[in-house]
Amino acid sequence: PKLSVAWEMQTATRVGGDYCDYSLTDDATLTLCVGDATGHGMDSGVVVTGTKSLFQTFADAPSITDSLTIMSKSLKGMNMPRMGMAMTFLRVKDQTCSVSSAGMPPVMIYRAASGEVEEISVSGFPLGVSATATYQEESFEVTPGDVILMMTDGLPERLNPRDEYFDYDRTTAMFAESASGTPEEICEALLQGGEDWAEGRPQDDDITLVVLKAK
């Protein structure tokens, strides 16, 4: 009730390797995940399918680090060598947010009061790489007008015909410029920025964006 949320996914091939999902409990606790499987195509599609089943089962564990630990051990047990799932978990209850990550780009937070963008970077092995991996958690507060961006690396690593990356600095700047809009408008602005940068070059990787705006 205190958030507006939107997400967009553009796959590079018919079967994508990116994944996003959510769980909303009766007490209005929202848990979101954004994931990026190794590579793309059928193998990564299998990892996404397995991950979705695990998320739906364990998303509401007492802590998001518990969820990631259980999911990583389960994916490791699928015995798919060289395949894994990078993932960010975000849990929101009222104005408090908790973030944990398994090999993903930082979560960006646009602060309406200052116009600045903060980054929450949490290190961790991608899911399925190790059965004994453990994960860390960071917490922060949001106030009305603040905007949270979760994403895979597809947008900042988008290439133009000169093999130049869109990069994280450009992504951050465009996020700040568009943060006054709705979550849907912010997603669209970021995706259009990537399209303009690519100058017609096809995507090399899947792109997934999740934007949350505090009311």
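What is the order of the strands in the open sheet of 5 strands? The points below begin with the answer.

1. Sheet. The order is β1-β10-β9-β6-β7, with antiparallel pairing; two strands pair if DSSP finds at least two bridges between them. Strands (E, at least two residues) and helices (H or I, at least four) are DSSP runs numbered from the N terminus. The edge strands, each pairing on one side only, are β1 (3-10) and β7 (116-120). From one strand to the next, the twist averages 20°.

2. Basis of the values. The model is predicted, so local features need pLDDT of at least 70 and side-chain atom pairs count only at pLDDT 80 or more, while totals for chains, interfaces and linings use all residues. Residues are numbered from 1 along each chain as its sequence is written, and side-chain values use heavy atoms, with hydrogens and water left out.

3. Strand β6. 5 of the 5 residues of β6 are buried, where buried means under 20% relative accessible area, exposed over 50% and partly exposed in between (1.4 Å probe, protein chains only). Val107, Ile109 and Arg111 point one way from the strand, and Met108 and Tyr110 the other way. In a regular strand the side chains alternate between the two faces of the sheet.

4. The antiparallel strands β6 and β7 are joined by 5 bridges, and Met108 stands opposite Glu119 in β7. Their hairpin has 4 residues between the strands, and Gly115 there takes a positive phi near 75°. β6 is also joined to β9, by 3 antiparallel bridges; Tyr110 has Val147 of β9 as its bridge partner. Val147 in turn has Lys213 as its bridge partner in β10, and β9 and β10 are joined by 5 bridges.

5. Helices on the sheet. Helix α3 (residues 168-178) lies across β6, β7 and β9 and runs at about 35° to β6. Helix α4 (residues 183-198) packs on the sheet by touching β1, β9 and β10, and its direction makes about 30° with that of β1. Axes are lines fitted to C-alpha atoms, for helices over the stretch in contact, with angles from 0 to 180 degrees between N-to-C directions; contact means heavy atoms within 4.5 Å.

6. Nonpolar cores. The largest nonpolar core has 22 residues, and Leu90, Phe140, Ile148, Met150 and Leu212 have the most contacts inside it. Such a core is a set of buried Ala, Val, Leu, Ile, Met, Phe, Trp, Tyr and Cys residues joined through side-chain atoms within 4.5 Å. Among the strands that each supply at least two residues of this core are β6 and β9. A second, separate core of 20 residues includes Val47, Val48, Met83 and Met85.

7. Helix α1. The 17 residues of α1 (residues 42-58) should span 24 Å at 1.5 Å a residue, and the end C-alpha atoms are 24 Å apart, which agrees; the expected span is 1.5 Å times one less than the number of residues. Its buried residues, including Val47, Val48 and Leu54, pack against β2 (18-24), β3, α2 (64-76) and β4.

8. Cysteines. The whole structure contains 0 disulfides, a disulfide being a pair of cysteine sulfur atoms within 2.5 Å. For Cys20, the nearest cysteine sulfur is that of Cys33, 7.3 Å away. The sulfur of Cys97 is too far for a bond because the closest cysteine sulfur, in Cys33, is 16 Å away.
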